[in-house]
Amino acid sequence: MATPADDNRLGRAYAAPEVTVFYDRGRCRHYAECVRGLPRVFDPTRRPWIRADLADPQAVAEVVRRCPTGALHYRLLAEESEEPTRSTSITQDPRGPLLVRGDLVLDTPEGPLRETRVALCACGRTQNQPFCDGACGVNAGASGGTRDQGPADRQEP
């Protein structure tokens, strides 16, 4: 099971009646699975860019689970949090991070963090240990991504 919903390390909350989506922009590497999966919910040209109320909660959860970095999480009103995949998998992205899925416990500067999906730094230059922050150039190309830099985000934890 992932980190509890009351842990502020999940990122900014975007609430809808039956699902809440959490976004940690410091972990986003712009794979854009969310934008491709549900563009009416995840629209980087709109503020707020996440509108979880615009789709079925199960569909929102399914698309959030596609996020390889763990920048997106969800909580469904009527169900438990996201369950990890049964076997842990590690995939090297040729552009930089190690993409890891499974039942994970990470050592972070803020203490242990339970997770199901992460993009871990593989170059050693990150300022966001243990997560990839793009220091190796993973974001050097054109982004089709979702970085939300609206005024409200400047107050995020």
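Two exercises on a predicted model follow, each with a worked solution.

**Exercise 1.** Work out the strand order of the open three-stranded sheet, and find which strands stand at its edges.

*Solution.* 
- Start with the order. The open sheet reads β4-β5-β6, and its pairing is antiparallel.
- Next, count partners. β4 (89–92) and β6 (111–120) each have a single partner strand, so one side of each lacks a neighbour in the sheet. These two strands are the edges.
- From one strand to the next it averages 45 degrees.
- Now take the β5–β6 pair. β5 covers residues 98–108 and is joined to β6 by nine bridges.
- Finish with one facing pair. Threonine 108 lies opposite glycine 111 of β6.

**Exercise 2.** The whole structure holds six salt bridges. Locate the partners of arginine 36, arginine 95 and arginine 114, and classify the residues as buried, partly exposed or exposed.

*Solution.* 
- Arginine 36 meets glutamate 33 at 3.0 Å, N to O. Both lie in helix α1 (residues 33–37), three residues apart, about one turn of the helix. Glutamate 33 has 26% relative accessible area and is partly exposed. Arginine 36, at 55%, is exposed.
- Arginine 95 meets aspartate 93 at 3.7 Å, N to O. The cut-off for a salt bridge is 4 Å, so this distance qualifies. Arginine 95 is partly exposed at 43%. Aspartate 93 has 8% and counts as buried, because buried means under 20%.
- Arginine 114 meets aspartate 103 at 2.8 Å, N to O. Aspartate 103 sits in β5 and arginine 114 in β6, so the pair ties together parts 11 residues apart in sequence. Aspartate 103 is partly exposed at 44%. Arginine 114 is partly exposed at 36%.

Key
Residues are numbered from 1 along each chain as its sequence is written. This is a predicted model: local features need pLDDT of at least 70, side-chain atom pairs count only at pLDDT 80 or more; totals for chains, interfaces and linings use all residues. Side-chain values use heavy atoms; hydrogens and water are left out. Two strands pair if DSSP finds at least two bridges between them. Helices (H or I, at least four residues) and strands (E, at least two) are DSSP runs, numbered from the N terminus. Axes are lines fitted to C-alpha atoms, for helices over the stretch in contact, and angles run from 0 to 180 degrees between N-to-C directions. A salt bridge is a side-chain nitrogen of Lys or Arg within 4 Å of a carboxyl oxygen of Asp or Glu. Buried means under 20% relative accessible area, exposed over 50%, partly exposed in between (1.4 Å probe, protein chains only).
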